[in-house]
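Please look over the sequence and the model before reading on.

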Amino acid sequence: MTDAPRPETDLRVPDDLSGITAEQYRASMRHYPAGVTVVTLSSPRGPVGFTATSFASLSLDPPLVSFNIAHTSSSLSAMLDAASVVIHFLGEHQQHLAHRFSRTAEERFTDRSLWTTLDTGEPVLHGTPIWLRATVHQLIPIGDHTFVVGLVTRVHDNTDEKPAAAPLLYYNGRYYRPTALGS
Ligand SMILES: Cc1cc2nc3c(=O)[nH]c(=O)nc-3n(C[C@H](O)[C@H](O)[C@H](O)COP(=O)(O)O)c2cc1C
């Protein structure tokens with residue numbers, strides 16, 4: 001006697017033939033909102049940084065966070081060699097930094113008034129409500145990105161400043177500030 005087919009478990013579709021188009025994937029992801037970060041690091045060739053919305057908190061004990069870097073990114077080789085990163089949670093007043101760090105790589109650090117260097121060597125962007133320093137804990141190539149896991153070693157929190165800066169959000173190709181629903 002054969003069991004009736006169970007649709008969920010009988011769908012043995014190989015990963016590379018998932019059946020959705022790149023446009024379907026992109027269109028669905030555009031509708032997923034995210035906070036905006038800039039990841040920075042030091043490299044032998046100077047400071048490196050890029051805008052990233054793939055940030056996520058991962059673990060409390062130990063304190064781990066993650067983000068993804070594209071294999072096409074000009075920051076990839078520096079990221080793969082880096083021992084540590086700084087992850088900036090941008091405020092709504094820092095949209096210009098989100099733009100700057102997603103455009104021409106050579107110009108990202110040209111304005112010296114926008115950043116300083118930590119005693120540990122990583123660049124830090126002025127006026128950022130919260131930044132985390134993390135040592136690189138694991139690098140996992142997955143698909144067309146590498147998943148970076150960082151162990152948080154330092155938290156710089158300016159959110160008790162008045163007025164507190166609201167976080168910068170990204171949704172459907174545009175930047176937003178949050179609006180509370182009710183109280
Ligand atoms: C809102 C936003 C979010 C982004 N998130 C990521 C990300 O999570 N990972 C990543 O590798 N690139 C991300 N990018 C792209 C990079 O910031 C950058 O534009 C890209 O790496 C091209 O830079 P390159 O010319 O130095 O290669 C994002 C760009 C934007 C505008």
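## Overall fold

The model is predicted. The protein chain has 183 residues, and 25% of them count as buried. Its secondary structure comes to 4 helices and 12 strands. Along the principal axes, the C-alpha atoms fill a box of roughly 75 × 45 × 35 Å. Take the contacts between residues at least 6 apart in sequence: 65% of these join residues at least 24 apart.

## The seven-stranded sheet

Seven strands make an open sheet with the order S3-S2-S6-S9-S10-S5-S4. The pairing is antiparallel. At the edges are S3 and S4 (56-59), each of which pairs on one side only. From one strand to the next, the twist averages 35 degrees.

| Strand pair | Sense | Bridges |
|---|---|---|
| S2 and S6 | antiparallel | 4 bridges |
| S6 and S9 | antiparallel | 6 bridges |
| S5 and S10 | antiparallel | 7 bridges |
| S4 and S5 | antiparallel | 3 bridges |

Strands of a sheet pair through backbone hydrogen bonds. In S6, His 88 stands opposite Val 38. His 88 also has a bridge partner in S9, Trp 131.

Leu 64 of S5 stands opposite Ser 59. Val 65 has Gly 150 of S10 as its bridge partner. Ala 70 stands opposite His 145, which is in S10. A hairpin through 4 residues joins S4 to S5.

In a regular strand the side chains alternate between the two faces of the sheet. S5 has one covered face, made of Val 65, Phe 67 and Ile 69. Its uncovered face holds Leu 64, Ser 66, Asn 68 and Ala 70.

## The three-stranded sheet

A further open sheet has 3 strands, in the order S1-S11-S12. Pairing here is antiparallel. The edge strands are S1 (34-35) and S12 (174-176), and each pairs on one side only. S11 covers residues 169-171 and is joined to S12 by 3 bridges. Across this pair, Tyr 170 stands opposite Tyr 175.

## The nonpolar core

Which residues have the most contacts inside the largest nonpolar core? They are Val 39, Leu 41, Val 85, Ile 87 and Leu 90, in a core of 30 residues. Several elements supply at least two core residues each, including strand S2 (37-43), helix H3 (76-81), helix H4 (95-100) and strand S9 (130-142). S6 (84-89) is also one of these elements. With 4 residues, S6 gives the most to this core.

S6 is largely enclosed by the rest of the structure, because 5 of its 6 residues are buried.

Leaving aside neighbours within four places in sequence, Val 39 is in contact with Gly 49, Phe 50, Ala 52, Phe 67, Val 85 and Ile 87.

## Val 152

Val 152 lies in strand S10, which spans residues 145-157. Is Val 152 buried or partly exposed? It has 18 other C-beta atoms within 10 Å, so Val 152 is partly exposed. A buried residue would need 20 or more.

Residues up to four places away in sequence are not counted in what follows. Val 152 touches Pro 63, Val 65, Leu 132 and Ala 134. Leu 132 is 20 residues from Val 152 along the chain, and their C-alpha atoms are separated by 6.5 Å.

## The ligand shell

There are 17 residues around the ligand. Thr 51, Ala 52, Ser 54, Ser 74 and Ser 102 come nearest. Two elements give two or more residues to this shell: S3 (46-52) and S5 (64-70). The largest share, 4 residues, comes from S5.

What is the make-up of the shell in nonpolar, polar and charged residues? It divides into 9 nonpolar, 8 polar and no charged residues.

Ala 52 links two parts of this account. It is among the residues that come nearest to the ligand, and it is in contact with Val 39.

How values were computed:
Residues numbered from 1 in each chain as written. Predicted model: local features only at pLDDT ≥ 70, side-chain atom pairs only at ≥ 80, totals over all residues. Near = placed C-beta within 6 Å. Nonpolar A, V, L, I, M, F, W, Y, C, P; charged D, E, K, R; others polar. Pairing = 2+ DSSP bridges. Axes fitted to C-alpha atoms, helices over the stretch in contact; angles between N-to-C directions. Core = buried A, V, L, I, M, F, W, Y, C linked by C-beta atoms within 7 Å. Buried ≥ 20, exposed ≤ 12 C-beta atoms within 10 Å, placed from the backbone. Contact = placed C-beta atoms within 7 Å.
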